[in-house]
Amino acid sequence: MSLSYRIRQFRDALRAEVSPAEYTLVARMLTPAEQRLFFQMPVYDQRHCLDVYQTLVAAGECDELLLRAALYHDCGKVDDAGRPMALGWYVLATILKRWLALYLIAARLIPAIAVYAEHAARGARMAAAAGCPPEIVETLRHYHDPQPTGRAARLQWADEQH
């Protein structure tokens, strides 16, 4: 993704908002445990997850498990103490991803970059611990795979639109 895309993404994150109607949607779609995964994310990640959900709906998706997964697919970006990843670390991580070797070194040395690098697996573990359906756990675990399949592939596609 281009640097201009990432700058626009950062600007949008600073302005992120979630409407009352969207919070009602989250309450209607998600179990209480899933809602906790959604609400522990910062507003910019909540906004992103809602955008991914809306992209799937606009594409005609009606797989309830996929749509639920979309609403908290980035929950693994919260660290073990429940602190969300600061926006500045996102920027650094996305820039470093252009240079894989440097990114991998940073992921070993900087805890926030490690959280970012492992967020799909972390999110899957968090979802499993929250009692989410195994199908959602597997979707979260694999949506960043190089060649995902099934729900994970569809989630990856929608995620890449934002």
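Q: Before we start, what is a polar contact here?
A: A polar contact is a pair of N or O atoms within 3.5 Å. Within protein, one atom must be able to donate a hydrogen and the other to accept it. Keep in mind that this is a predicted model.

Q: OK. Which side chain does Asp74 make a polar contact with at 3.2 Å?
A: That partner is the side chain of His119.

Q: And at 3.5 Å?
A: There, the Asp74 side chain makes a polar contact with the side chain of His48.

Q: Where does Asp74 sit?
A: Asp74 is in the loop between helix H5 (64-71) and helix H6 (87-96).

Q: Buried or exposed?
A: Asp74 is buried, because its relative accessibility is 2% and the cut-off for buried is under 20%.

Q: What is Asp74 in contact with, leaving aside neighbours within four places in sequence?
A: Met41, Asp45, His48, Cys49, His119 and Tyr143.

Q: What follows H9?
A: Gly131 does, and its phi is positive, near 85 degrees.

Q: Now H10 and H11. At what angle do they pack?
A: Helix H10 (residues 134-142) and helix H11 (residues 150-160) pack at about 50 degrees. Their axes are 8 Å apart. That angle makes H10 oblique to H11.

Q: Is the crossing of H10 and H11 left-handed or right-handed?
A: H10 passes H11 in a right-handed crossing.

Q: Which residues meet there?
A: From H10, Glu135, Thr139, Leu140 and His142. From H11, Arg151, Ala152 and Leu155. By class, the contact of H10 with H11 has 3 nonpolar, 2 polar and 2 charged residues.

Q: Switch to H2 and H3. How do their axes cross?
A: The axes of helix H2 (residues 20-29) and H3 cross at roughly 145 degrees and come within 8 Å.

Q: Which residues of H2 and H3 meet?
A: Tyr23, Val26, Ala27 and Met29 in H2 meet Glu34, Gln35, Phe38 and Phe39 in H3. The contact of H2 with H3 counts 6 nonpolar, 1 polar and 1 charged by class.

Q: On to helix H4. What joins Arg47 and Glu22?
A: A polar contact of 2.7 Å between their side chains. Arg47 is found in helix H4.

Q: Why does Arg47 count as buried?
A: Because Arg47 has 16% relative accessibility, and under 20% is buried.

Q: What else does Arg47 touch?
A: Not counting residues up to four places away in sequence, Arg47 touches Ala16, Glu17, Val18 and Gln54, besides Glu22.

Q: Is Gln54 in a helix or a loop?
A: Gln54 is in helix H4. At 35% relative accessibility, Gln54 is partly exposed. Leaving aside neighbours within four places in sequence, Gln54 is in contact with Glu22 and Arg47.

Q: How far apart are Gln54 and Ala158?
A: They are 104 residues apart in sequence and 8.9 Å apart in space, C-alpha to C-alpha.

Q: Last one, Asp51. Where is that?
A: Asp51 lies in helix H4 (residues 43-58). Asp51 is partly exposed, with a relative accessible area of 23%. The C-alpha atoms of Asp51 and Arg15 are separated by 14 Å.

How values were computed:
Residues are numbered from 1 along each chain as its sequence is written. This is a predicted model: local features need pLDDT of at least 70, side-chain atom pairs count only at pLDDT 80 or more; totals for chains, interfaces and linings use all residues. Side-chain values use heavy atoms; hydrogens and water are left out. Axes are lines fitted to C-alpha atoms, for helices over the stretch in contact, and angles run from 0 to 180 degrees between N-to-C directions. Helices (H or I, at least four residues) and strands (E, at least two) are DSSP runs, numbered from the N terminus. Angles under 35 degrees count as roughly parallel, over 145 as roughly antiparallel, 65 to 115 as roughly perpendicular and the rest as oblique. A crossing is left-handed if the near helix is turned anticlockwise from the far one by less than a right angle, and right-handed if clockwise. Contact means heavy atoms within 4.5 Å. Ala, Val, Leu, Ile, Met, Phe, Trp, Tyr, Cys and Pro count as nonpolar, Asp, Glu, Lys and Arg as charged, and the others, Gly among them, as polar. Buried means under 20% relative accessible area, exposed over 50%, partly exposed in between (1.4 Å probe, protein chains only).
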